[in-house]
Amino acid sequence: MTLAEAFEAHRDRLRAVAYRMLGSHADAEDVVQEAWLRLSRQEAGAIDNLGGWLTTVVGRISLDVLRSGRRRPEVSYDDGPEYAVTPDGTPAPEELAAIGDSVGVALLTVLDTLRPDERLAFVLHDVFAVPFAEVGPILGKSADATKMLASRARRKVQGAQQSASPDRRQREVVQAFLAAAREGRFERLLEVLHPEVKLTAHTPDGTYVVIGATEVATRARLAAAAAHGHPTTHNGLPAILARTPEGTPQSLLTFRVMGDRITHITAVADPARLARMDLPDAG
């Protein structure tokens, strides 16, 4: 196997690690490309554990990006399905797909409140099961110190998630969105959407991102999903869940609300993803 082929076998895992660190597909791609450039300058025979070496490099580059503030906003583009990692470093698509669903927009938002070293320790250990003994050297800390960082981050994440249950005003804003979608009132949709609202949609054909109130409001599929759904909550966020007549989950919309406007919508219309998610029972 050539060096390039060996790297490609790890690419999806590395991209997933970088995305969980940075919250941006574009930044994640940049980090993975930089990891390849660094690998291409190495003597491959000197690397005993390629997966571990690459994870370390991606972790360090991501840490540098977080500390320097060089992250760039997400842009609209189509993306393929996300893949996962197992503790031994081998690609396992079915594993990461489940992880990807659990580490959604709510957790990514919480992760943004963590210090860079806390975020790295939490993501690599709690999300990707990298041992503290391997995470520590990336941070320049001992395994015990890294364990304390991850524990501190875990408490912050749990506290933020517990306090994230939607209040009455958030539910009212989402209800207004639901009513506007059902009634086909385009102008009302614009009123409840933030001018720079971001829609992240996961479909059977892949993932795409749309930014802007007008662009989001014109998505017919989004309006249809809202119109046929019912209010609920998911991961502490207000949501709209639609089911088929047989009761099978058909689509899930989750919302982040700031003030009187919706700032982020995550739409899941991929049956495979929905089947893996912990959704409310049909009422």
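A polar atom of the Arg119 side chain lies 3.2 Å from the backbone oxygen of Arg20. The Arg119 side chain also reaches the backbone oxygen of Met21, at 2.5 Å. A polar contact here is a pair of N or O atoms within 3.5 Å; within protein, one must be able to donate a hydrogen and the other to accept it, and residues adjacent in sequence count only if both atoms are side-chain atoms.

The model is predicted: local features need pLDDT of at least 70, side-chain atom pairs count only at pLDDT 80 or more, and totals for chains, interfaces and linings use all residues. Residues are numbered from 1 along each chain as its sequence is written, and side-chain values use heavy atoms, with hydrogens and water left out.

Arg119 sits in helix H6 (residues 116-127). Its relative accessibility is 2%, so Arg119 counts as buried (under 20% relative accessible area; exposed is over 50%, partly exposed in between; 1.4 Å probe, protein chains only). Arg152 is 33 residues away along the chain, with 9.9 Å between the two C-alpha atoms.

Strand S6 (residues 261-268) is largely enclosed by the rest of the structure, because six of its eight residues are buried. Helices (H or I, at least four residues) and strands (E, at least two) are DSSP runs, numbered from the N terminus. Strands pair if DSSP finds at least two bridges between them. S6 pairs as follows.

| Partner of S6 | Bridges | Direction | Source |
|---|---|---|---|
| S1 (residues 193-203) | six | parallel | DSSP |
| S5 (residues 249-258) | seven | antiparallel | DSSP |

Val257 stands opposite Ile262 in S6. S5 and S6 form a hairpin with two residues between them. Gly259, in the turn, has a positive phi of about 65°.

The whole structure holds two cavities of 30 Å³ or more. A cavity is a set of points on a 1 Å grid over the protein atoms alone where a 1.4 Å probe fits but cannot get out; lining residues have an atom within 4 Å of a point. Grid points are joined across faces, edges and corners, and a volume is the space filled by probe spheres set on the points.

The second largest cavity contains about 30 Å³ of space. Its lining includes Phe177, Leu189, Val216 and Arg219. Helices H9 (168-183), H11 (213-217) and H12 (220-227) each give two or more residues to this lining. Seven lining residues are nonpolar, none is polar and one is charged. Ala, Val, Leu, Ile, Met, Phe, Trp, Tyr, Cys and Pro count as nonpolar, Asp, Glu, Lys and Arg as charged, and the others, Gly among them, as polar.

Key
1 Å grid on protein atoms, 1.4 Å probe; cavity = no way out; pocket = protein on both sides within 12 Å on 5 of 7 lines; lining within 4 Å.
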